[in-house]
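These notebook entries record what I looked up in the structure.

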Amino acid sequence: DVQMLSGDVNIAHLSFAYSAGHPVLQDVNLHVPAGSFFGVVGHTGSGKSTLMSLLLRFYSAQSGSIRIDGHDIAAFSDEHFRASVGLVPQEPFLLAASARENIAMGRSISEADIITAAKAAHVHEFILQLEHGYDTPLGEGGARLSTGQKQLIAIARALAGRPRILFLDEATSHIDSETEQIVQIALNELRGKVTIIAIAHRLSTIRDADSIIVLNHGKIAEQGQHQEL
Ligand code: ATP
Ligand code: MG
């Protein structure tokens, strides 16, 4: 059994380059208290997804540290790390499988927990409206979902793993304002239950975030609440 984390994230002097000579992140320092809701904004190419990739251990930084609950993220076992974080990617993908299987993703998750996750993602009603409810095939050959609807399924999928830290990389394109508002509501309701680090392309999505970081050329240019920026 793995230790339950509180989800406190601390980034110190983080610098990263994909290739030598082109720094993508430069001396990033950030503290995200457990259970808080942080938003990340910035122009395309400013390093938002890269920062998230480092937080998820997809890459490791050339210098600096990332700590969760005071432990360097490199120190966690894969099992513990995977059980502790949830990711909603910028380009959500669907399996050619039922809505239920798209949320469970091969994990043994009870029906009740799948529905709880779908409700938290505000996608339960949508799924019930599909021809065969949770048994409706999605993805290839199945129901055609918009990017926004795919992101809601991806939020349910991430929440079904009961993460302590939820990473969301908002889809860049084709999100209707209704779905965008649903994402906003879902994130607000999760505040205090899970640490949220959400990259947003629309400031409205993270309007109510505890703190918003503005990335500019790989540096934190500004930080504050929505009305302060
Ligand atoms: P967007 O808003 O378009 O999603 P972003 O802020 O997420 O942008 P990143 O994807 O982090 O930006 O990219 C930051 C910089 O790193 C860009 O110059 C990009 O071209 C470069 N980059 C991103 N991924 C890679 C990669 N896998 N290999 C090399 N360079 C990369
Ligand atoms: Mg990105």
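**Entry 1. Arg162.** I began with Arg162, which I located in the loop between α6 and β7. The model is a predicted one, and I read every value below on that basis. Arg162 is not a glycine, yet it has a positive phi of about 50°. I noted for comparison that most residues other than glycine have a negative phi. Is Arg162 buried, exposed or partly exposed? I found 16 C-beta neighbours inside 10 Å, so Arg162 counts as partly exposed; the class lies between the limits of 12 or fewer for exposed and 20 or more for buried.

**Entry 2. Other positive phi values.** I then turned to Asp27, whose phi is near 50°, a positive value in a residue other than glycine. I placed Asp27 in strand β2. Asp27 counts as partly exposed because it has 14 C-beta neighbours inside 10 Å.

**Entry 3. The four-stranded sheet.** In what order do its four strands run? I read β2-β1-β4-β5, an open sheet with antiparallel pairing. Its edge strands are β2 (23–32) and β5 (71–72), each of which pairs on one side only. I looked up α1 (residues 48–55) as well: this helix packs on the sheet and touches β1, β2 and β4. The direction of α1 makes about 65° with that of β2.

I went through the pairings in this sheet one by one. Strands β1 (residues 9–17) and β4 (residues 63–68) pair in the antiparallel sense over five bridges. Within β4, Ser65 is the bridge partner of Ala12, and Ile66 is that of Ile11. Two bridges join β4 to β5, again in the antiparallel sense. On the β5 side, Asp72 is the bridge partner of Arg67.

Entry 4. I asked how many residues of α1 are buried. Six of its eight residues are, so the helix is largely enclosed by the rest of the structure. I listed them as Lys48, Thr50, Leu51, Met52, Leu54 and Leu55.

I then examined the surroundings of ligand 1. Its shell consists of Tyr18, Val24, Gly42, Thr44, Gly45, Ser46, Gly47, Lys48, Ser49 and Thr50. Which element gives the most to this shell? It is α1, with three residues. By class I counted two nonpolar, seven polar and one charged residues around the ligand.

**Entry 5. The six-stranded sheet.** I followed a second open sheet, of six strands, in the order β6-β7-β8-β3-β9-β10 and with mixed pairing. Its edge strands, β6 (85–88) and β10 (219–224), each pair on one side only. Neighbouring strands here are turned by 20° against each other on average, direction ignored. Strand β7 (residues 165–169) runs parallel to strand β8 (residues 195–199), and five bridges join them.

**Entry 6. The nonpolar core.** I looked up the largest nonpolar core and found 63 residues in it. Ala156 and Phe167 have the most contacts inside this core. The element that gives the most to the core is α6, with eight residues. Leaving aside neighbours within four places in sequence, I listed the contacts of Phe167 as Met52, Leu55, Leu56, Val85, Gly86, Leu87, Val88 and Ile197.

**Entry 7. Tyr134.** Last, I placed Tyr134 in the loop between α5 (124–129) and α6 (147–160). Tyr134 has 18 C-beta neighbours inside 10 Å and therefore counts as partly exposed. Not counting residues up to four places away in sequence, Tyr134 touches Ser98, Ala99, Arg100 and Ile127. I also noted that Tyr134 and Ile115 are 19 residues apart along the chain, with their C-alpha atoms separated by 9.2 Å.

Methods: Residues numbered from 1 in each chain as written. Chains lettered and ligands numbered in written order. Predicted model: local features only at pLDDT ≥ 70, side-chain atom pairs only at ≥ 80, totals over all residues. Pairing = 2+ DSSP bridges. Contact = placed C-beta atoms within 7 Å. Axes fitted to C-alpha atoms, helices over the stretch in contact; angles between N-to-C directions. Near = placed C-beta within 6 Å. Nonpolar A, V, L, I, M, F, W, Y, C, P; charged D, E, K, R; others polar. Core = buried A, V, L, I, M, F, W, Y, C linked by C-beta atoms within 7 Å.
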